[in-house]
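Work through the exercises below with the model open beside you, and try each task before reading its solution.

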Amino acid sequence: MLNSGSRRAASGQILSMIEGLHYFLKNNTGTTNDPTQDHYVLNEEGVLSNNRHFISDSAMEGQPNGDATTEGQSLLIIGYVRAYIGTGRSCGWMLEEAERYFDAYVRYFYAGVEPPLTPGRWVSNWIVNGKQPVLSNYPIATDVATHSGFKGVAFTFSAGQIAIPHGDPHWGEYLDKATFAFDGHLAWGAINATVVAVNADGSVDWSKDGTQYDVDWIVDSKGRKITLDGVIVAASASEAIGTVQLKDTTVTGSHFLNYATLNPVTDGGYMIARNECQHNRPLHVPVPRDFMGNSADSEQWFMEACYLLWKETGNQRYYRAWKACEYTVMEFTDIDLNDRFFRRSSASITPFTDGISYDYSYASGDTPTIIYGRDPSGYITIGSDMSCQHTLEQQAVWFKVDAEQSVLRSQIGGVDTAGNPLRWRVTLSMAPQQGENVTTQDYGLTLPNTTTSEVSNVDVPVSSLALLTAPDGEAYIIADERIISTYGSATLDAQFGPNVFDGRTAGTLRVHVPDDSSGFEIGAWLRSSGKFPVKSIIYKAAGAFDLRIVDDHGWRWYWVLPDTVGAWMQATLDPAKLVLSGYQPDATGSKPSAAVFTDLDQVTILPDAGASAATYFELFCLNDPPPTFTGQGFTIKYDLIMSGDAAFTALVGDCTILNYLKDALFCTPGVIPFSNIYDPGSTVIDAWHGCPYPGYQYPWIYVYASHPDRALFLNNMVEFLWESQQWYQKTFGIIGPSASTYIWNRWDNYKYGTPDTWTMYQWGQDTAWAGYQSRAFHAAAHAWYELVQSEQVVPENLAAYVENWLGWLIEFTEKSGGITPTEFPMDSVPAPVANDFTGHMTGLWLAGACSAWLAGSRLSGLETFIEQCVDELRAHYINTGIPGQIMNGSWSPAIRLETGNGPEANGMFFGFWAGEILRGLGLYMAYRREH
């Protein structure tokens with residue numbers, strides 16, 4: 001450890017290390033032509049690669065060698081600005097470097113799209129090709145880049161093996177990756193899609209899984225035998241190039257195979273240009289503008305990078321960029337933003353894109369055949385070969401709704417083969433809480449009939465959804481064509497609209513009765529008892545009508561229902577006011593003085609005295625109206641029911657909830673999920689959100705935000721961090737580190753563990769990346785510092801969360817002799833790991849500790865810990881003593897001197913380390929200046 005005098009003198013050494021890193025980056029800037037010989041971390045256009053060193057040649061082997069990410073680029077900008085501020089703004093070249101890397105970010109990750117003049121969605125791509133032009137995997141899908149590759153090509157296997165034929169159309173000589181063979185149908189158009197079953201007639205059975213046979217190894221275009229896990233088991237295979245071996249060696253006969261090749265341009269291939277937007281999984285392919293999407297953590301950091309540049313320069317371009325990022329990040333907080341029960345999609349084949357969804361049909365007689373497709377606009381097409389009732393059901397998209405603001409949207413259209421309308425209903429099972437196996441109540445609504453193949457929006461307030469089951473266990477008797485039978489010249493017309501009776505939006509049935517010989521019956525044909533009580537009726541009418549019943553002795557009686565002059569009314573059907581009909585064809589015995597009846601099987605409605613073409617009776621319901629939804633609740637199950645009187649084609653688009661509540665999940669709104677939010681290349685999981693990580697949260701985004709709810713968002717994010725730390729203490733007995741992941745009570749989180757619980761694992765049972773621990777600590781400390789600097793209220797528990805971390809870090813590093821933590825085991829407390837220096841983590845520990853001190857923390861041992869972090873960086877700073885050695889000035893897990901001195905040397909360096917370390921050193925200089 002340095003003494004206090006030495007520490008003051010060490011500020012010059014810190015600047016020297018910053019300058020050394022800067023010169024390392026400059027010396028490692030160049031144009032890669034041969035990735036095995038040209039090792040650069042930056043290209044001459046200012047794009048930072050994820051790795052200096054060589055990684056892999058093929059998609060089967062691993063990630064593309066030239067990946068350059070928004071993560072590293074945004075951190076590099078922040079690092080240079082923080083270093084500039086730390087020097088007292090005396091080194092203008094640092095700010096110039098930050099601006100240069102910002103320009104590269106916009107030019108390449110945003111594909112040259114400048115920030116909008118008015119804040120709005122501004123979407124970059126999370127990755128570009130930072131090194132040499134490289135062949136894309138082939139074939140490239142023209143609709144969605146991530147759907148590229150050969151999908152479902154039939155080959156004949158023997159003992160689980162196939163040699164893909166060379167030449168057009170299979171191109172086995174260029175084989176680069178294979179995933180699996182299968183029997184069935186791909187659920188979406190990608191080589192890593194799930195497989196669903198196919199019926200005997202060739203139609204798809206979306207309710208059943210198909211059969212999948214995973215690949216064991218392939219022989220790629222270079223003649224190497226590579227396993228599905230990317231292990232090169234033979235540099236020169238004895239089998240022919242293009243051979244694919246399945247793990248199941250009993251597979252024989254014809255099966256479908258998913259694979260991709262690396263065709264040269266002369267054989268139809270595509271060369272991904274340097275700095276072109278790309279995707280790296282499941283295949284290495286270019287990404288067009290319409291399919292770009294950023295990672296959420298990088299978006300948060302780039303938002304800060306823009307803000308810092310604006311504060312330091314006053315340039316409005318940076319201000320616009322900051323506000324556009326803010327707009328985008330705030331959308332990230334809306335977890336259900338992209339959720340749909342069913343969705344319109346131009347990229348997905350299956351109608352069942354979200355949650356857990358399926359279908360079923362009902363028809364009298366034969367079972368209908370249902371054929372699904374998508375029209376050119378992306379609407380689901382549903383073809384039935386006969387008259388039937390068909391239901392699309394969703395049971396895992398759980399919106400939190402509020403009766404005062406939420407709206408149910410249905411995009412529907414279609415007619416039958418005779419051009420007649422289709423009938424539609426929707427039901428929602430609602431519960432006061434979300435989750436599986438909760439007690440629900442069913443609400444529903446008759447939607448308007450569709451009379452054309454044009455799709456239209458039907459928007460209905462959730463407060464108009466009506467309870468389906470009455471207290472007696474039977475269905476409410478609402479307007480439904482299935483309970484109406486007309487006679488004479490009466491015609492039925494389905495109506496739909498607002499302000500029905502008590503103000504609700506509802507479907508009604510209008511019966512036009514042009515003469516006295518016409519009318520209609522309402523029957524109890526949908527009720528299990530076959531009977532209903534007759535107590536009242538809600539209707540509106542042009543003209544007076546009689547509501548006729550037949551009592552238990554066959555006598556006919558009626559109530560007179562007055563003309564309502566176009567207004568809704570509820571008429572009470574008092575037995576004492578029944579009028580005995582003058583026409584009694586079936587009555588026996590003496591004339592009764594009163595009707596004798598309880599429940600009835602039907603009633604008849606007909607004109608009272610005279611009718612004309614303008615005479616009509618419009619029915620809402622018989623007896624009491626069904627109660628509508630009130631308060632708040634969750635949509636546990638959704639059904640969209642369509643029916644036609646002949647074969648039909650229905651169309652369905654986005655079916656969803658508008659104006660839902662955003663606090664449905666733990667610590668929302670405010671917590672950021674793990675996902676690439678705007679990646680339509682993954683259309684089948686557009687609404688998917690990974691479990692939220694504490695290490696993905698960056699509360700700084702709310703400190704200077706203009707969103708009216710930013711304080712709520714900030715408090716929720718801080719609470720999330722705090723609770724993760726409390727769980728860790730209860731689990732491991734130490735207070736400081738956090739849980740790795742929280743499993744939300746959402747369908748897309750369930751496969752990772754028990755909902756509403758913390759875990760140390762990620763993606764189910766995968767070991768969590770240790771770097772997220774240091775990122776969570778720094779993010780909280782950084783927000784604390786910025787809140788204090790801007791004289792804002794610091795949320796409860798934020799400072800305590802940071803100082804809990806610091807207390808543990810101080811003790812850990814003191815006991816380890818100056819080694820900061822680099823590993824956080826899944827089932828035990830961290831322990832020092834010798835010779836495991838991890839530069840970006842040390843940079844984060846240093847940045848967070850300095851931020852805490854600048855925020856006002858004076859925790860005992862804090863200053864010692866800060867110096868220990870600096871000492872660790874100093875001890876691992878590379879000065880080989882070899883003049884001109886290419887790795888001088890860097891921090892590296894393996895400098896590999898044996899590979900040479902110049903760019904041909906394959907020394908390891910991870911690009912994102914640069915920004916994390918620069919930021920830490922910059923904040924340390926600010927800390928020393930404050931001293």
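**Exercise 1.** Is Arg-89 buried, exposed or partly exposed?

Solution. The model is a predicted one, in which local features need pLDDT of at least 70, side-chain atom pairs count only at pLDDT 80 or more, and totals for chains, interfaces and linings use all residues. Residues are numbered from 1 along each chain as its sequence is written, and side-chain values use heavy atoms, with hydrogens and water left out. Buried means under 20% relative accessible area, exposed over 50%, and partly exposed in between, with a 1.4 Å probe and protein chains only. The relative accessible area of Arg-89 is 43%, so Arg-89 is partly exposed. Arg-89 sits in the loop between α2 and α3 (92-109), where helices (H or I, at least four residues) and strands (E, at least two) are DSSP runs numbered from the N terminus. Its phi is near 60°, a positive value in a residue other than glycine.

**Exercise 2.** Work out what span the 17 residues of helix α9 (residues 839-855) should have, and compare it with the distance between the end C-alpha atoms.

Solution. The expected span is 1.5 Å times one less than the number of residues. For α9 this gives 24 Å, and the end C-alpha atoms are 24 Å apart, which agrees. Just after α9, Gly-856 takes a positive phi of about 125°.

**Exercise 3.** Describe how helix α8 (residues 798-815) packs against α9, and classify the residues of their contact.

Solution. Axes are lines fitted to C-alpha atoms, for helices over the stretch in contact, and angles run from 0 to 180 degrees between N-to-C directions. The axes of α8 and α9 are 11 Å apart, at an angle of about 125°. Angles under 35 degrees count as roughly parallel, over 145 as roughly antiparallel, 65 to 115 as roughly perpendicular and the rest as oblique; α8 and α9 are therefore oblique to each other. Contact means heavy atoms within 4.5 Å, and here Val-802, Trp-805, Leu-806 and Leu-809 of α8 meet Trp-845, Ala-849 and Ala-852 of α9. With Ala, Val, Leu, Ile, Met, Phe, Trp, Tyr, Cys and Pro counted as nonpolar, Asp, Glu, Lys and Arg as charged, and the others, Gly among them, as polar, the contact of α8 with α9 divides into seven nonpolar, no polar and no charged residues.
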